[in-house]
Amino acid sequence: MAHIFNECQNYGFEILDDGIYNNKGVKLGQVGCTDGNWWVKRRYSVQQQYSNSVFDAVRSLSMVDVSTDGKSIFDEYFLDQPLEQLTGDKLQRLLERTELVTA
């Protein structure tokens, strides 16, 4: 828990009972460690995604785009439906997002 707290402080995040929040009070998700394996669960995700370290887990929460109500580009498109099922408009918006270029 101390590792998570230290990493959250680096990003200005606050840890509350139900998750990790940014400085605007928006819930970003949760980070934890089970059997020595770090994981992150984003706000809208239903499953945990494993991370290499607590640093990577908390850093991934910093990439959540709160302008889309807390969903990152990956949550918004990839978790909702397979890439093959995206409409032309959604695919175009996906390709225009800078988060994909910098990820």
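Phe55 is partly exposed: its relative accessible area is 39%. That value falls in the class because partly exposed lies between the 20% limit for buried and the 50% limit for exposed. The model is a predicted one.

Phe55 sits in helix H2. Leaving aside residues up to four places away in sequence, Phe55 touches Glu7 and Tyr11. Asn10 and Phe55 are 45 residues apart in sequence, yet their C-alpha atoms are 9.8 Å apart in space.

## Chain overview

The protein chain holds 5 helices and 5 strands. Read from the N terminus, the order of elements is α-β-β-β-β-β-α-α-α-α.

The protein chain has 103 residues, and 34% of them count as buried. Take the contacts between residues at least 6 apart in sequence: 34% of these join residues at least 24 apart.

## The H1–H2 pair

Helix H1 spans residues 2-11, and helix H2 spans residues 54-62. The two helices pack with their axes 9 Å apart, at an angle of about 40°. H1 and H2 are therefore oblique to each other. Their crossing is right-handed.

On the H1 side, the contact is made by His3, Ile4, Glu7, Cys8 and Tyr11. On the H2 side, Val54, Phe55, Val58, Arg59 and Ser62 take part. By class, the residues of this contact divide into 6 nonpolar, 2 polar and 2 charged.

## What covers H2

The buried residues of H2 are Val54, Asp56, Ala57, Val58, Ser60 and Leu61. Their cover includes helix H1. It also includes strands S2, S3, S4 and S5. Two of these buried residues, Val54 and Val58, also belong to the contact with H1. Phe55 belongs to that contact too, but Phe55 is partly exposed.

## The sheet

The 5 strands form an open sheet in the order S1-S2-S3-S4-S5, with antiparallel pairing. Strands S1 (14-16) and S5 are the edges, and each pairs on one side only. From one strand to the next, the twist averages 35°.

H1 packs on this sheet and touches S1, S2, S3 and S4. The direction of H1 makes about 140° with that of S1.

## S3 with S4

Strands S3 (residues 27-34) and S4 (residues 37-42) run antiparallel and are joined by 6 bridges. Gly32 has Trp39 in S4 as its bridge partner. Gly29 is partnered by Arg42, again in S4.

The hairpin of S3 and S4 has 2 residues between the strands. In this hairpin, Asp35 takes a positive phi near 55°.

## S4 with S5

S4 also runs antiparallel to strand S5 (residues 49-51), and 3 bridges join the two.

## Bringing the parts together

H1 has two partners in this picture. H1 packs on the sheet, and H1 also packs with H2. H2 in turn has buried residues covered by elements that include H1 and S5. S5 is an edge strand of the sheet.

Phe55 belongs to H2, and its contacts Glu7 and Tyr11 are both among the H1 residues that meet H2.

Terms used: Residues are numbered from 1 along each chain as its sequence is written. This is a predicted model: local features need pLDDT of at least 70, side-chain atom pairs count only at pLDDT 80 or more; totals for chains, interfaces and linings use all residues. Side-chain values use heavy atoms; hydrogens and water are left out. Axes are lines fitted to C-alpha atoms, for helices over the stretch in contact, and angles run from 0 to 180 degrees between N-to-C directions. Helices (H or I, at least four residues) and strands (E, at least two) are DSSP runs, numbered from the N terminus. Angles under 35 degrees count as roughly parallel, over 145 as roughly antiparallel, 65 to 115 as roughly perpendicular and the rest as oblique. A crossing is left-handed if the near helix is turned anticlockwise from the far one by less than a right angle, and right-handed if clockwise. Contact means heavy atoms within 4.5 Å. Ala, Val, Leu, Ile, Met, Phe, Trp, Tyr, Cys and Pro count as nonpolar, Asp, Glu, Lys and Arg as charged, and the others, Gly among them, as polar. Two strands pair if DSSP finds at least two bridges between them. Buried means under 20% relative accessible area, exposed over 50%, partly exposed in between (1.4 Å probe, protein chains only).
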